[in-house]
Amino acid sequence: MKELITTDGARLAYQDTGGDGVPLVMLHGWGQTQAMFRHQIEGLAPGRRVVTVDLRGHGKSGKPHHGYRIARLSRDVLELVDHLGLDRFDALGWSMGVSVWWSFIDQYGTGRIRRFVAVDQPPAVAAVPWMTEREQRDSGAIFDVSGLLYLGAALAGPEGDTVRADFVRGMFSGEPDPEVLAFVTEEIRSTPAHAAVPLLFDHCAQDWRDVLPRIDVPTLVIGCEGSHVHPDSQRFVAERIPGALLHLFPSDVANSHFPFLENPPAFNAVVEKFLAEEPPRGA
């Protein structure tokens, strides 16, 4: 594991496999870690250069008392790719990691991104009152505002560990693999409440729908029928990004928010096929 100190003093733990070809930079979700991608680091094309990072407040990275906003996390990613000298790379985000990439694109553009993979993230998580019911459905809103406030308070309270475990369990349909569930439940413990709660609030308060039509690089949107993120929201995302492809895993292939952990061969095959495709003529 390597480390980078950001311009505001946060310590980021990252891994760089240093392989050949276009690098793939992978970002994990809220409360989780780069270990989520343990089956992708070597399971994708042999020799591919893969970069993963524990976002601030997560995993083995520092837990400062500042910077728990999606915009700051996307700045951290910019500083990481600058530090590694990555002028051109493929970007993959899962869950909140997709939002970090949407923020990155919103602020810094797509000039350095060759291909983009967005895994199971609604474009707007909170059903704010000024959205119509149709907009709330299309965007895949998971919480209303009062529900978000209640969750944040519960996570910050004395039963926070139990609330986190229940939150994780809600991301699986049916009976999950006990090892996968235990792994995810353990990883989320690495993010303390002082980081997790403000970041969750900021993450859920964002609305990325206006960014989607401005994504002008080849994009693959991945959803899962068994996820708590409704597949229709992933259809909506794919429809709004020009030329985007959509892949929805049926529940007999993967049945949760974690298809890369549940069925690594199936997930890796879909991602590798997309990353290996030749760009359109004239691109």
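Is Ser233 buried or exposed? Select Ser233 in this predicted model and colour by accessibility: the residue is buried, with a relative accessible area of 0%. Ser233 belongs to helix α8, which spans residues 231–240. Leaving aside residues up to four places away in sequence, show what Ser233 touches: Pro122, Pro123, Asp138, Ser139 and Gly140.

**Salt bridges**

Next, select helix α1, residues 70–83, and display the side chains of Arg75 and Glu79. These two form a salt bridge, with 3.0 Å between the closest N and O atoms. They are four residues apart in the helix, so about one helical turn separates them. Arg75 is partly exposed, because its relative accessibility is 34%, whereas Glu79, at 11%, counts as buried.

Now widen the selection to Asp8, Arg56, Arg72, Arg75, Asp76 and Glu79, which salt bridges link into a network.

For another salt bridge, go to Arg214 and Asp210, whose side chains meet at 3.8 Å, N to O. Arg214 is partly exposed, with a relative accessible area of 42%, and Asp210 is partly exposed as well, at 49%. The count for the model comes to 21 salt bridges.

**Aromatic pairs**

Turn to the rings. The count of aromatic pairs comes to 13. Phe104 is buried, with a relative accessible area of 2%, while Tyr108 is partly exposed, with a value of 32%.

How are the rings of Phe143 and Phe167 arranged? Their centres are 6.5 Å apart and their planes lie at 15°, under the 30 degrees that marks a stacked pair, so this one is stacked. The pair links distant parts of the chain, 24 residues apart: Phe143 is in strand β8 (residues 143–144) and Phe167 is in helix α5 (residues 160–169). Phe143 is buried, its relative accessible area being 16%.

Then select Phe37, Trp94, Phe172, Phe249, Phe258, Phe260 and Phe267 together. Ring pairs link these residues into a cluster.

**Charges over rings**

Display Arg38 with Phe183: Arg38 lies over the face of the ring, 3.9 Å from the ring centre. Then display Arg115 with Phe274, where the charged end of Arg115 sits over the ring at 4.8 Å from its centre.

**A surface patch**

Finish on the surface. Select Val145, Leu149 and Phe201, which form a nonpolar patch there. Together the three residues have about 260 Å² of accessible area. Leu149 is part of helix α4, residues 145–156. At 48% relative accessibility, Leu149 counts as partly exposed, because the exposed class requires over 50%.

Key:
Residues numbered from 1 in each chain as written. Predicted model: local features only at pLDDT ≥ 70, side-chain atom pairs only at ≥ 80, totals over all residues. Heavy atoms only, no water. Patch = residues over 30% accessible without salt bridge, like charges linked within 9 Å, V, L, I, M, F, W, Y side chains within 5 Å. Areas by Shrake-Rupley, 256 points an atom, 1.4 Å probe, with all protein chains shown as cover. Salt bridge = Lys/Arg side-chain N within 4 Å of Asp/Glu carboxyl O. Helix = DSSP H or I, 4+ residues; strand = E, 2+ residues; numbered from the N terminus. Buried < 20%, exposed > 50% of the residue type's maximum accessible area, 1.4 Å probe, protein only. Contact = heavy atoms within 4.5 Å. Phe/Tyr/Trp six-rings, centres within 6.5 Å; stacked < 30°, edge-to-face > 60°. Lys NZ or Arg CZ within 6 Å of the ring centre and 35° of its normal.
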